[in-house]
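Keep the structure open while you read.

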Amino acid sequence: VVYTQSEILQREVYLFERLDSPNREPMKHLKAICFLRPTKENVELLVQELRRPKYSVYFIYFSNVISKSDVKALAEADEQEVVAEVQEFYGDYIAVNPHVFSLNLLGCCRGRSWDPAQLTRTTQGLTALLLSLKKCPMIRYQLSSEPAKRLAECVKQVITKEYELFDFRRTEVPPLLLILDRSDDAITPLLNQWTYQAMVHELLGINNNRIDLSRVPGISKDLREVVLSAENDEFYANNMYLNFAEIGTNIKNLMEDFQRRKPKEQQKLESIADMKAFVENYPQFKKMSGTVSKHVTVVGELSRLVAERNLLEVSEVEQELACQNDHSSALQSVRRLLQSPRVSELDAARLVMLYALRYERHGSSGLPALLEELRGRGGTDRYRKLVSAVVEYGGKRARGSDLFSPKDAVAITKQFLKGLKGIENVYTQHQPLLQETLDQLIKGKLKDSQYPYLGPNTLRDRPQDIIVFLIGGATYEEALAVFNLNRSNPGVRIVLGGTTIHNTRR
């Protein structure tokens, strides 16, 4: 995620090994740079390595704070004095976008409380993030969530214990860490997406910037797995937040541009100068040809899936469930799609989940009938069980906030006007709850009664540096909301993180 292999080769790093790979050959003419999480297992592996060193010198970097006792164990193992330096280089998290990070943890809670190992890992990830950004923040958390409070306390403990590390130059307005719980908004990860990055993750899945295309019919060998990274793919950087319709047009322009620049096959390479020009342009051309074939393949596969799974129609009903309040029309729409053979089992289950989250308490709820219908489709109870699990996780009883009803006349009018204005794009009317929460926070209106501060101090000014962390995972739709908030609020910087980055399957 951090470096491409070609970038790191330019820095004269020629060999990549994992510390736990057996049968590595000794290469005493090489220096080793070790970059590790400071876990017990890693320290133990390093102790074994230093007892029988395979390289001439070792530069050891830990991605987080390492205990004195672990450093002592390493020193005792280093009898041949091969260690040149040991440093803490805080990077104990995955940087996904310039303003989004993930810890790649799935399933961080058991029921309503933390899995202890995952709580430790999340605390480490968050404190490493704060150290790498040089922030010692005030902390606010979602009161309705016990895990949010626990995590806030654990982060605070580390800051107190390692106070020397967190002794950064004070800023006029202290930074703020806001800890939220995914269960407050279980709707967002269940929706189909229509902006490029979010859509790729929803339909194909992004794992550490890599996309597995091996299931694409007739895929060529070198495109079975592709990398989508805004760092070194200009087209992706410019298009990741655009709507699918615009991507189509931009791909076409990219193709045309490529055709224009293509070295003429019959190009006469008569003089040395001709050859030199060809060779000089070739890497540019090769890079561009790689970009073109990659994006054409990805967008082609997205289009195929949208058509095959009838996703335009499915998505329209999802948006109606998430954003409108018309029970009988919603129920009819869901019924209609459940009876359509073109709708996949996953999409059918997703619609019933959204319906259940939206109308679980409705007087004339059609949920039992929909569940029967769902069972009739797949013949199994698997999805039926998942529907009740989702309601238990993110239903009315579990939520601390009001996910659906606009609070007052102004909000209702705003929604109505937005509805009128947004008719042309019925597929992207949904706004994640996070958008409203952050909007309130930036304006200084986020209620202390729902999102209290940890400790006696509160922020008098509006926050400028905000780190928001979602226990139970963030989504690329929320990443887009944060990107837009950063753009429309100069002077405010928001970073979004989560235990993972969700799509519906996750």
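Two strands pair if DSSP finds at least two bridges between them. By that rule, β1 and β2 pair, because six bridges join these strands. The model is a predicted one.

**Strands β1 and β2**

- β1 spans residues 31–36 and β2 spans residues 57–62; the two run parallel.
- Within the pair, Ala32 stands opposite Tyr58 of β2.
- Between the strands, the chain passes through helix α2, residues 40–51.
- β1 has a covered face made up of Ala32, Cys34 and Leu36. Its uncovered face holds Lys31, Ile33 and Phe35.

**Salt bridges**

- Side chains of opposite charge can pair when their charged atoms come close.
- The whole structure contains 27 salt bridges.
- Lys252 and Glu256 form one of them, at 3.8 Å from N to O. The cut-off is 4 Å, so this pair counts.
- Both Lys252 and Glu256 sit in helix α8, residues 244–261. They are four residues apart, about one turn of the helix.
- Glu256 has 37% relative accessibility, so it counts as partly exposed.
- Asp439 and Lys443 also meet in a salt bridge, 3.0 Å from N to O.
- Asp439 is partly exposed because its relative accessible area is 31%. Lys443, at 40%, is partly exposed too.

**A buried pair and its network**

- Arg350 and Asp347 form a salt bridge, with their closest N and O atoms 2.7 Å apart.
- Both residues of this pair are buried.
- Arg350 and Asp347 are three residues apart in helix α12 (residues 345–359), so about one helical turn separates them.
- A network of salt bridges links Arg350 and Asp347 with Glu202, Arg309 and Glu318.

**His502**

- Is His502 buried or exposed? His502 is buried, because its relative accessible area is 14% and the limit for buried is under 20%.
- His502 lies in strand β16, residues 501–502.
- Its side chain reaches the backbone oxygen of Gly472 at 2.5 Å.
- Which residues does His502 contact, leaving aside neighbours within four places in sequence? They are Leu106, Arg182, Pro189, His201, Gly472, Gly473, Ala474 and Thr475.

Key:
Residues are numbered from 1 along each chain as its sequence is written. This is a predicted model: local features need pLDDT of at least 70, side-chain atom pairs count only at pLDDT 80 or more; totals for chains, interfaces and linings use all residues. Side-chain values use heavy atoms; hydrogens and water are left out. Buried means under 20% relative accessible area, exposed over 50%, partly exposed in between (1.4 Å probe, protein chains only). A crossover is right-handed if, with the strands pointing away from the viewer, the path from the first strand over the helix to the second runs clockwise. A salt bridge is a side-chain nitrogen of Lys or Arg within 4 Å of a carboxyl oxygen of Asp or Glu. A polar contact is a pair of N or O atoms within 3.5 Å; within protein, one must be able to donate a hydrogen and the other to accept it, and residues adjacent in sequence count only if both atoms are side-chain atoms. Contact means heavy atoms within 4.5 Å.
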